[in-house]
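Reader: I'm new to this one. Can you walk me through it?

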Amino acid sequence: MKIKSYFAITLSLFVLCSCNNSSSVNLDYLSVKLAGSELWSIIDLKTGEIVLKDEFKNAPSAISDGIFVVENSSGKFDYFSLSDVKKPLNSISYIDATTFKDGKALATLSGKPISLINSNGQTIREFSNEYVRICQFSEGLAVFQDQSDKFGYINEKGDIVIKAQYNTANDFSDGIALCKIKDESSSITKTIAIDKTGKEVFSFTDEDYSSYSYFSHGYLPVIKGGELLFLDKQGRKTFSVCNVKKDGYGLETFYYSFDGKYITFMEGDLHGIKDKDNNIILRAKYNNLNSLSILAVQKCCSNSPFQTMRRHVG
């Protein structure tokens with residue numbers, strides 16, 4: 001069965017990002033609610049076929065290599081394969097679980113610490129109980145939160161690579177991660193760009209840039225005074241794109257597509273395409289431009305479902 005009208009579907013897209021951003025989006029399949037149904041289905045975006053119809057009461061996660069996680073009727077979590085949704089891949093339900101990324105996921109069994117598992121449900125490693133929260137791994141490192149509520153980074157062995165010292169931390173993208181440190185004496189919060197050794201590359205405050213995303217293709221998109229511009233890995237302004245309007249909530253949010261060479265831009269409510277030298281490739285005359293690589297610049301990003309793992313006590 002094919003989808004004839006996407007206007008008859010309520011889409012729910014789960015972005016594969018760790019604690020506050022980044023990583024890739026798997027758009028081969030999408031979990032949806034069909035019009036008139038209270039149950040969740042899954043569609044194949046390449047063919048428009050409904051792969052699973054009215055199968056789940058709760059929304060499935062993003063689908064990676066044909067595997068996804070969904071909350072069951074007991075409030076616990078099970079992994080399923082698209083090829084067989086009648087029987088979970090795991091024999092014991094998890095009390096918390098993330099989506100798979102690069103063939104690995106984080107999951108927690110009752111009374112156990114946070115574990116790294118493979119697609120067969122086998123435990124690769126149990127992490128220390130000192131870690132109260134672990135986000136998905138990105139570029140070999142994962143954000144962790146310790147009992148002091150500070151954030152740092154660990155590797156897949158569970159070793160601390162960058163000690164917990166940040167108030168918030170994003171996952172690595174393009175070899176750079178963005179973290180925040182608040183100066184309690186001045187109440188000024190500084191955003192720090194660090195490399196994988198924890199070395200500060202550059203920094204800025206909310207007064208410098210009101211919104212930002214994450215590094216992709218060597219550039220960091222930020223918003224300053226309503227203008228969308230890009231910084232290089234030394235924090236230098238390289239090129240600007242367009243002005244950004246505030247949304248209905250008063251936030252500067254702009255969804256764009258950037259492949260390292262071309263980027264979407266807006267004039268008023270219309271979309272077009274520019275290159276990095278600000279040459280217009282496609283003038284702004286379209287209500288929307290769709291892409292399979294959508295990024296967002298916004299004031300703050302909340303944790304997406306199935307992206308982060310907390311340690312459960314008891």
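Author: Let's begin with a term. A nonpolar core is a set of buried Ala, Val, Leu, Ile, Met, Phe, Trp, Tyr and Cys residues joined through side-chain atoms within 4.5 Å. Keep in mind that this is a predicted model.

Reader: Fine. How many residues does the largest nonpolar core have?

Author: The largest nonpolar core has 13 residues. Tyr153, Phe172 and Ile194 have the most contacts inside it.

Reader: Which strands each supply at least two residues of this core?

Author: They are β12 (141–145), β13 (151–155), β14 (160–166), β16 and β17 (188–194).

Reader: Take Ile194. What is it in contact with, leaving aside neighbours within four places in sequence?

Author: Among them are Tyr153, Ile162, Tyr166 and Phe172. The list also includes Gly175, Ile176, Ala177 and Cys179. Lys199, Glu200 and Val201 are in contact with Ile194 too.

Reader: Now sheets. What is the order of the open sheet of four strands?

Author: The order is β15-β16-β17-β18, with antiparallel pairing. β15 (168–169) and β18 (200–205) stand at the edges. Each has a single partner strand, so one side of each is left without a neighbour in the sheet.

Reader: How many bridges join β15 to β16?

Author: Two bridges join β15 to β16 (residues 177–183), and the strands run antiparallel. Ala169 has Cys179 in β16 as its bridge partner.

Reader: What pairs with β20?

Author: Strand β19 (residues 211–212) is joined to β20 by two bridges, antiparallel. There, Tyr212 stands opposite Val222. Strand β21 (residues 227–231) pairs with β20 over five bridges, also in the antiparallel sense. In that pairing, Ile223 has Leu228 as its bridge partner.

Reader: And what do β20 and β21 form?

Author: A hairpin, with two residues between the strands. Gly225 in the turn has a positive phi of about 60°.

Reader: Next, β24. Which strand does it pair with?

Author: β24 (residues 262–267) pairs with β25 over six bridges, in the antiparallel sense. Phe265 stands opposite Gly272 in β25. The two strands make a hairpin with two residues between them, and Gly268 takes a positive phi near 70°.

Reader: What comes with β25 and β26?

Author: Three bridges join β25 to β26 (residues 280–286), which run antiparallel. Lys274 stands opposite Ile280.

Reader: I spotted Asp275. Where is it?

Author: Asp275 is in strand β25 (residues 270–275).

Reader: Is Asp275 buried or exposed?

Author: Asp275 is buried, yet it has no salt bridge. Lys261 is the nearest side chain of opposite charge, 7.4 Å away. A salt bridge needs the nitrogen within 4 Å of the carboxyl oxygen.

Reader: What does the Asp275 side chain reach, then?

Author: It reaches the backbone nitrogen of Asp277 at 3.0 Å. The backbone nitrogen of Asn279 lies 2.8 Å from a polar atom of the Asp275 side chain. Not counting residues up to four places away in sequence, Asp275 touches Lys261, Tyr262 and Ile281.

Reader: How many salt bridges are in the whole structure?

Author: A search finds six. One of them joins the side chains of Lys46 and Asp28, at 3.7 Å, N to O. Lys46 lies in the loop between β3 (40–44) and β4 (50–56), and Asp28 in the loop between β1 (9–11) and β2 (29–34), so the pair ties together parts that are 18 residues apart in sequence.

Reader: Is Lys46 buried or exposed?

Author: Lys46 counts as exposed, at 68% relative accessibility. Asp28 counts as partly exposed, at 33%.

Reader: What about Lys104 and Glu156?

Author: Their side chains meet in a salt bridge at 2.6 Å, N to O. Lys104 is in strand β8 (residues 104–108) and Glu156 in the loop between β13 and β14, 52 residues apart. Lys104 is partly exposed at 29% relative accessibility. Glu156 is partly exposed too, with a relative accessible area of 25%.

Reader: One more. What does Lys196 form a salt bridge with?

Author: With Glu139, the closest N and O atoms being 3.5 Å apart. Lys196 is in the loop between β17 and β18, and Glu139 in the loop between β11 (133–135) and β12, 57 residues apart.

Methods: Residues are numbered from 1 along each chain as its sequence is written. This is a predicted model: local features need pLDDT of at least 70, side-chain atom pairs count only at pLDDT 80 or more; totals for chains, interfaces and linings use all residues. Side-chain values use heavy atoms; hydrogens and water are left out. Two strands pair if DSSP finds at least two bridges between them. Buried means under 20% relative accessible area, exposed over 50%, partly exposed in between (1.4 Å probe, protein chains only). Lys and Arg count as positive and Asp and Glu as negative; His and the chain ends are not counted. A polar contact is a pair of N or O atoms within 3.5 Å; within protein, one must be able to donate a hydrogen and the other to accept it, and residues adjacent in sequence count only if both atoms are side-chain atoms. Contact means heavy atoms within 4.5 Å.
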